[in-house]
Each structure stands twice: as structure tokens, then as C-alpha cells.
Amino acid sequence: MEALIKFVQDEFVTRKEFPEFGAGDTITVYYEIKEGSKTRTQFFRGVVIQRRGSGSSETFTIRKMSGTVGVERIFPVNLPALQKIEVNKRGKVRRARIFYFRGLTGKKARIKERRIK
């Protein structure tokens, strides 16, 4: 049964091409918002805390600071409203899910930039 579900997801779900990114990277996600009959583009810039799932059910979580309050947002990779993703900075972290980042504030919350060879 799982093989059948995977086959249908691969064949019929349209996948958009986004750049490679992972935990610790700072990215900007541009997505469409509908307000009544109007649509507008809004962006969300923050640090990727995790990527989870696979195939059409894959999601990623982004965290940003809005004033003194931390805001997290979960985006499905196959969300039709996603327009584009920009990778602003590559982060050097040792884990795939950096939940410890939630407890850090100030200078401790900085992530070193990964050198690209």
C-alpha cells in the first residue's frame, strides 16, 4: 500500500524546484496570501530549525525573532502558495534539528556561516 501511495505522489503531485537548504540556513520564503479577491506576496525570513518528512508530505520549520518574541512557521514544501525560496546564508550546525536554538538569545543565538568550497 505504501508503494502505491508513493507512486501516486511522485507521478501526480507537481514538485517545484527550490534550492538546497537545511537546518541552520537563513532563508527567505516568498508566499502568496489571498485577502478577499486580492492576492499579494509576503515573505518570511528566518533560520531553518528542521526539515521533516519526505515526498509530498515534506515540511520545514523557520524561526525568526519579531521584536523580543520568537515566531515559528511551518511550510509544506509542496504548498501551492509558495512562490520562491532564497538562501541568504548557509549555517554551520552539527544537528539536523536545532531545537536548542529556541532557548538562545542575544549573541548566543548566532550561527556561524559555513564556507562554500
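User: Why does F7 count as partly exposed?

Analyst: In this predicted model, F7 has a relative accessibility of 49%. Buried requires under 20% and exposed requires over 50%, so F7, at 49%, counts as partly exposed.

User: Where does F7 lie, and what makes F7 part of a nonpolar patch on the surface?

Analyst: F7 belongs to helix α1, which spans residues 2–12. The patch consists of M1, L4, I5, F7, V8 and F12, and their accessible area together is about 690 Å².

User: Why is F44 called buried?

Analyst: The relative accessible area of F44 is 6%. Because the limit for buried is under 20%, F44 qualifies.

User: What makes F75 buried?

Analyst: F75 has 1% relative accessibility, which is under 20%, and therefore counts as buried.

User: Why is the pair of F44 and F75 called edge-to-face?

Analyst: The ring centres of F44 and F75 are 6.1 Å apart, and the angle between the planes is 65°. F44 is in strand β2 and F75 in strand β4 (residues 69–76), so the pair ties together parts 31 residues apart in sequence.

User: How do you know that F21 and F60 form an aromatic pair that is edge-to-face?

Analyst: For F21 and F60, the distance is 5.0 Å centre to centre, with 75° between the planes. With limits of within 6.5 Å for the centres and over 60 degrees for the planes, the pair is edge-to-face. F21 sits in the loop between α1 and β1, whereas F60 sits in strand β3, so this pair ties together parts 39 residues apart in sequence. Both F21 and F60 are buried.

User: How many aromatic pairs does the structure hold, and which residues do ring pairs link into a cluster?

Analyst: There are 5 aromatic pairs. Ring pairs link F21, Y31, F44, F60 and F75 into a cluster.

User: Which residues have the most contacts inside the largest nonpolar core, and which elements give two or more residues to this core?

Analyst: That core comprises 13 residues, and those with the most contacts inside it are I27, V29, F60, I62, F75 and I85. Two or more residues come from each of β1 (26–35), β2 (38–52), β3 (59–66) and β5 (82–89). The most come from β1, with 3 residues.

User: Which residues is V29 in contact with, leaving aside its neighbours within four places in sequence?

Analyst: With those neighbours left aside, V29 is in contact with Q42, F43, F44, F60, I62, F75, L82, K84 and I85.

Notes. Residues numbered from 1 in each chain as written. Predicted model: local features only at pLDDT ≥ 70, side-chain atom pairs only at ≥ 80, totals over all residues. Heavy atoms only, no water. Core = buried A, V, L, I, M, F, W, Y, C linked by side-chain atoms within 4.5 Å. Buried < 20%, exposed > 50% of the residue type's maximum accessible area, 1.4 Å probe, protein only. Helix = DSSP H or I, 4+ residues; strand = E, 2+ residues; numbered from the N terminus. Contact = heavy atoms within 4.5 Å. Patch = residues over 30% accessible without salt bridge, like charges linked within 9 Å, V, L, I, M, F, W, Y side chains within 5 Å. Areas by Shrake-Rupley, 256 points an atom, 1.4 Å probe, with all protein chains shown as cover. Salt bridge = Lys/Arg side-chain N within 4 Å of Asp/Glu carboxyl O. Phe/Tyr/Trp six-rings, centres within 6.5 Å; stacked < 30°, edge-to-face > 60°.
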